Amino acid sequence: MTVRSPSSPPSAFELLCAQYAKRLPARLDDLSGPARGTVDLPLHVVWSGRRSYGLEQPRSRMSLYRTVLAEGQRQDLIDFLNRDLLIAQWPVLRTLISRPTRDAWEAAFPEFPTVSAATAA
């Protein structure tokens, strides 16, 4: 995160990181979403376009996770994301989401594979 003087207002980046951090579950183990089947997202998460995602198809699953990470509130994250799938997808998923989202998740959860560990595998 950027260091700033106490008198300067927070940057847009800092505000976004704080917004995403407020949505995070307390623990990754709280993520109880399905690991198989089809997920239909509610309108408050995806208000236009595709709403149904098949978890067996990697692109569909990645699209679901990108959408929920970007637009979901805390309960949506818990209901639609699966801990094991999120960790397994993280090395690629982290490159497809916004930096504020990525930074908030990685700061909160050291369980995520590091970039160096992901590229070494």
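Author: Contact means heavy atoms within 4.5 Å. The model is predicted: local features need pLDDT of at least 70, side-chain atom pairs pLDDT 80 or more, while totals for chains, interfaces and linings use all residues. Numbering starts from 1 along each chain as its sequence is written, and side-chain values use heavy atoms, without hydrogens and water.

Reader: What share of the contacts in the chain with a separation of 6 or more comes from residues 24 or more positions apart?

Author: Take the contacts in the chain with a separation of 6 or more. Residues 24 or more positions apart make up this share of them: 59%.

Reader: In what order do the elements of the chain run?

Author: The chain has six helices (DSSP H or I, at least four residues) and two strands (E, at least two). Read from the N terminus, the order is α-β-β-α-α-α-α-α.

Reader: Which residues of α5 make the contact with α1?

Author: Helix α1 spans residues 12–23 and helix α5 residues 99–108; their axes come within 8 Å and cross at roughly 50°. On α1, the contact uses Phe13, Leu16, Cys17, Tyr20 and Ala21. On α5, the residues are Arg99, Pro100, Thr101, Asp103 and Ala104.

Reader: How many residues of the contact of α1 with α5 are charged?

Author: Seven of the residues in the contact of α1 with α5 are nonpolar and one is polar. The charged ones (Asp, Glu, Lys and Arg) number two.

Reader: Are α2 and α4 roughly parallel or roughly perpendicular to each other?

Author: Helix α2 covers residues 58–71 and helix α4 residues 83–93. Their axes lie 11 Å apart, at an angle of about 90°. Angles of 65 to 115 degrees count as roughly perpendicular. Therefore α2 and α4 are roughly perpendicular.

Reader: Which residues of α4 make the contact with α2?

Author: From α2 come Arg61, Met62, Tyr65, Arg66 and Leu69. By class, the contact of α2 with α4 holds eight nonpolar, one polar and two charged residues. From α4 come Leu85, Leu86, Gln89, Trp90, Val92 and Leu93.

Reader: What share of the accessible surface belongs to carbon and sulfur atoms?

Author: The chain has 121 residues, 39% of them buried. Its accessible surface is about 7100 Å². The carbon and sulfur share is 55%.

Conventions: Axes are lines fitted to C-alpha atoms, for helices over the stretch in contact, and angles run from 0 to 180 degrees between N-to-C directions. Buried means under 20% relative accessible area, exposed over 50%, partly exposed in between (1.4 Å probe, protein chains only). Accessible areas come from the Shrake-Rupley method with a 1.4 Å probe; for residues, only the protein chains shown count as cover. Angles under 35 degrees count as roughly parallel, over 145 as roughly antiparallel, 65 to 115 as roughly perpendicular and the rest as oblique.
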